[in-house]
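Here is a short walk through one structure. Start with the ligand, then turn to the backbone.

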Amino acid sequence: MKRKLFIATSLSAALAGCGAIGTKLAENDRIRSILGAGETLDLALIGTRGLVREYAASDISAQFPINSFDTPVDAVYTHLIRNAFASFRLVVDGMVDRPLSLSLAQLNAMPQTTQITRHDCVEGWSAVAQWSGVALRDIIAAARPRKGAGFVVFHTFDRDANGVPYYESLDFSQALHPQTLLALRQNGAPIAPDRGAPVRLKIPTQLGYKSAKWVRHIAVVPSLAHLFAGKGGYWEDQGYQWFAGI
Ligand SMILES: Nc1nc2c(c(=O)[nH]1)N[C@H]1C(S)=C(S)[C@@H](COP(=O)(O)O)O[C@H]1N2
Ligand SMILES: [Mo]
C-alpha cells in the first residue's frame with residue numbers, strides 16, 4: 001500500500017500539467033455534440049483509434065496475479081454466489097433514455113467479443129489473458145445516453161478496510177472504445193468470485209486499476225465532481241491519474 005501511494009505521488013508530480021486529461025475532455029466535447037444531435041450514436045465515428053495489441057493463445061500467462069480488495073463477504077454478494085448469480089442484475093441508469101437491468105442470461109445472450117490482451121498493473125506486473133463478454137459500447141448504446149452525459153461510472157460490490165467502496169469511471173471515448181469489455185469469462189471460464197464475478201470491466205488501453213471488478217451498477221453522469229472525493233475513482237481519489245492510458 002505504501003508503495004502504491006508513493007508511485008501515485010510521483011506519477012502526479014511527473015504528469016502535472018501534461019494536459020492528457022485536457023485532451024480527453026476536448027474529445028468529449030466532440031462526442032457530446034454527436035450525442036446532443038438527437039441521433040442514434042454513430043459508433044463508427046468514435047473511439048476506433050489506438051487499438052492495443054492482441055496476442056496469440058500461446059501468449060496467455062500461466063500465472064495471473066490477483067490484485068484487489070478481498071472478495072466481498074457481505075450478505076448481498078454471499079447470496080449471489082449461493083444462487084450462482086441467478087438474481088444478479090447489472091443496472092445501467094443515470095442520464096440515459098432507456099435504463100437497463102440486465103440478468104446474466106441477458107448479458108450472455110448479447111453479441112460476445114473475445115480479446116487476448118495484456119493487463120498492466122501500476123505496481124509493476126503484467127499478464128496476458130483471454131477475456132470474453134459484451135463490448136461496453138453495446139450496453140451504452142442500448143441505454144441511449146442523453147445530451148449532457150459526460151462519464152460512465154462503475155460501482156462495485158467491494159470495499160476497502162474502512163468500508164469505502166471501490167469505483168471507477170471512463171469518458172465516452174474510453175467507454176465506447178472497441179476493446180473496452182464487460183468481461184463475463186477469463187480464459188474461457190466464467191469470471192471467478194475472486195476475479196470480480198459475475199461481470200468485470202476489462203479495459204486493456206488503460207492501467208489495471210481502471211478495470212473494475214465486481215461491477216454491479218453503471219451510471220451515466222454529467223460530471224465526476226459529486227462522487228466520493230470527486231476524482232473519478234477509488235485510487236484516483238488517493239492521487240492516481242484518472243487518465244491511465246498505456
Ligand atoms: N472492484 C475492484 N476492482 C479492481 C480492484 C479492486 O481492488 N477492486 N483492483 C484493481 C487493480 S489495481 C488491478 S491490477 C486489477 C487486478 O485484477 P486481477 O485481480 O484480476 O488481477 O483489478 C483492478 N480492479
Ligand atoms: Mo493494479
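Around ligand 1 stand 21 residues, and P65, N67, D158, R200 and K213 come nearest. A residue is near a molecule if one of its heavy atoms lies within 4 Å of it. This is a predicted model, in which local features need pLDDT of at least 70, side-chain atom pairs count only at pLDDT 80 or more, and totals for chains, interfaces and linings use all residues. Residues are numbered from 1 along each chain as its sequence is written, chains are lettered from A and ligands numbered from 1 in the order in which they are written, and side-chain values use heavy atoms, with hydrogens and water left out.

Now sort that shell by class. It has 10 nonpolar, six polar and five charged residues. Here Ala, Val, Leu, Ile, Met, Phe, Trp, Tyr, Cys and Pro count as nonpolar, Asp, Glu, Lys and Arg as charged, and the others, Gly among them, as polar.

Which atoms lie 3.0 Å or 2.5 Å from an oxygen atom of ligand 1? A side-chain N or O atom of K213 is 2.5 Å from a ligand 1 oxygen. For R195, a polar side-chain atom lies 3.0 Å from an oxygen atom of the ligand. F69 uses its backbone: a polar atom there is 3.0 Å from an oxygen of ligand 1. The protein covers 99% of the 530 Å² of accessible area that ligand 1 has on its own. Such areas come from the Shrake-Rupley method with a 1.4 Å probe.

Next, the backbone. The peptide bond from A197 to P198 is cis, with omega near 0 degrees. P198 sits in the loop between β8 (189-190) and β9 (200-202). Helices (H or I, at least four residues) and strands (E, at least two) are DSSP runs, numbered from the N terminus.

A84 is not a glycine, yet its phi is positive, about 55 degrees. Its loop runs between α3 (75-82) and β1 (90-94). A84 counts as exposed, at 57% relative accessibility. R144, also not a glycine, has a positive phi of about 55 degrees. Look for R144 in the loop between α5 (136-143) and β5 (151-159). R144 is partly exposed, at 43%. Buried means under 20% relative accessible area, exposed over 50%, and partly exposed in between (1.4 Å probe, protein chains only).

Is Q179 buried or exposed? Q179 is buried, with a relative accessible area of 4%. This residue lies in the loop between α6 (172-175) and β7 (181-186). Leaving aside neighbours within four places in sequence, Q179 is in contact (heavy atoms within 4.5 Å) with G50, L51, V52, E54, Q115, K202, P204 and T205.

How values were computed: A polar contact is a pair of N or O atoms within 3.5 Å; within protein, one must be able to donate a hydrogen and the other to accept it, and residues adjacent in sequence count only if both atoms are side-chain atoms.
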